[in-house]
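Please examine the pockets and the surface of the protein shown below.

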Amino acid sequence: MSVLTNNLDLFLSGFGTTLRLFLISGVLSLVLGTILAMLRVSPVPVFRAVGTTYVTVVRNTPLTLVFVFFVFAYPYLEIIKFDFFTSAVVALTLYTSAFICEVVRSGINTVPIGQAEASRALGLTFGQMLSNIVLPQAMRSVVPPMVSTLIALLKNTTVAAGFSVAEAGRIRDALSEQGENVLVGLLWVAAGFIILVMPLTLLQRILEKRWSVAR
Amino acid sequence: MTAASTPPMIRMAGVDKFFGPLHVLKDVQLEVPKGQVVVVLGPSGSGKSTLCRTINRLEPIDSGTIEVDGQPLPAEGKELARLRADVGMVFQSFNLFAHKTIVENVMLAPVKVRKTAAAEARKTAMELLERVGIANQAEKFPAQLSGGQQQRAAIARALAMRPKVMLFDEPTSALDPEMVQEVLDVMTTLAKEGMTMLVVTHEMGFARKAANRVIFMSDGEIVEDSTPEEFFSAPKSNRAKDFLGKILTH
């Protein structure tokens, strides 16, 4: 317990950064992932190709490599300079959105074709059909895998620790410098993640219950 | 009202459609004048559903022309969406939006497509639901309604767009027998009010009572095109005689 109480500031600021990383990249991934899914079901072949290529390339690349690219290689391109935190957000977002895309797309596939036909027959455009009819129903059917993907994102934020972002995964290094018991410290980090994941699990349960009446 | 000044509501000329090697519509010619109620009959697999679905381009055709109210069907896009807004369609499986309440189902297209104010769209929706006899179900979700109620809601949803013509693709085929009549009653009223309708169905009673004209299809071709009296009492083709023999004897 003393490991935690003596270094409370360290733990709080570490998990604070983790939470910020998670929330920002989580929201951005949901947006980008949904856009990618829309590309993948688009009637325009070029859009579909873009979506498919993105998912193939990014989903098959290890997250660490994505980080290495944005932290070390990307600055040489001299486009816009990112600080480490922003680089981490970009890397996590690009990586996670490939997974979100596939979750959303599998949701879209569960929506009966008749729903799309009825929308088209009423004169809705493709975009209106997706945003008003198909996506809302798709999201309802993919709550569990969606939450799993977000939990994976939350835990993937620790990769950022290896790239100079002082988040929860970094706590161990700081503890070891101070000569604290690292093993106990790590157990507390693990406990911290479990606590962070709990609200997500709860959210999943609530959404599943609320949306189950629709069909 | 001369033929030159008012184009037919639906005009199909030389329409061909293939599903792979299967020739599902063979050189179909059809004109439906405004206000006419046409019932399309035929054995399953005769192409009657496909015919119905080509009219608002849910099924694209391979050759020929289709015009709705004098306007050729445009390619997929904004213009086609605009045309579809004027063509009401009722499906065999209702296809109500599962995540929206009944009244929201009816309001959606007027608000999103016609840009009607929500309050006004709701008022119109409630009037339509009243008309089809399910105003008391307005706040329920589709899955909470019986099949007959769902189909009446679907008709109300199509009518909310004030369509020029209504297409019915086997509207009673998925219903329990005791619910068929309530849907047919709504359709019969609609026919009497002068709506242009094309109805694919197996309901011979409806064809006799409400149709101005019966079209009989077989193997992708329009085999007979006559009045209900003529068709039921004296079918010309053997295929129609055979069909009627099968369905009218039991």
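This is a predicted model: local features need pLDDT of at least 70, side-chain atom pairs count only at pLDDT 80 or more; totals for chains, interfaces and linings use all residues.

Residues are numbered from 1 along each chain as its sequence is written, and chains are lettered from A in the order in which they are written.

A pocket is an open set of points on a 1 Å grid over the protein atoms alone, where a 1.4 Å probe fits, with protein on both sides within 12 Å along at least five of seven lines; lining residues have an atom within 4 Å of a point. The largest pocket has a volume of about 480 Å³ (the space filled by probe spheres set on the points, which are joined across faces, edges and corners). Its lining has 20 residues, and A:Pro43, A:Ala116, A:Arg120, A:Phe126 and A:Met129 are the closest to its centre. H7(A) gives the most to this lining, namely four residues (helices are DSSP runs of H or I with at least four residues, numbered from the N terminus).

The second largest pocket holds about 330 Å³ of space. Among its 19 lining residues, A:Leu30, A:Met146, A:Leu150, A:Leu200 and A:Leu203 lie nearest the centre. Helices H2 (8–40), H8 (143–156) and H10 (182–211) of chain A each supply at least two residues of this lining.

A:Phe47 counts as partly exposed because its relative accessibility is 42% (partly exposed lies between buried, under 20% relative accessible area, and exposed, over 50%, with a 1.4 Å probe and protein chains only).

Methods: Side-chain values use heavy atoms; hydrogens and water are left out.
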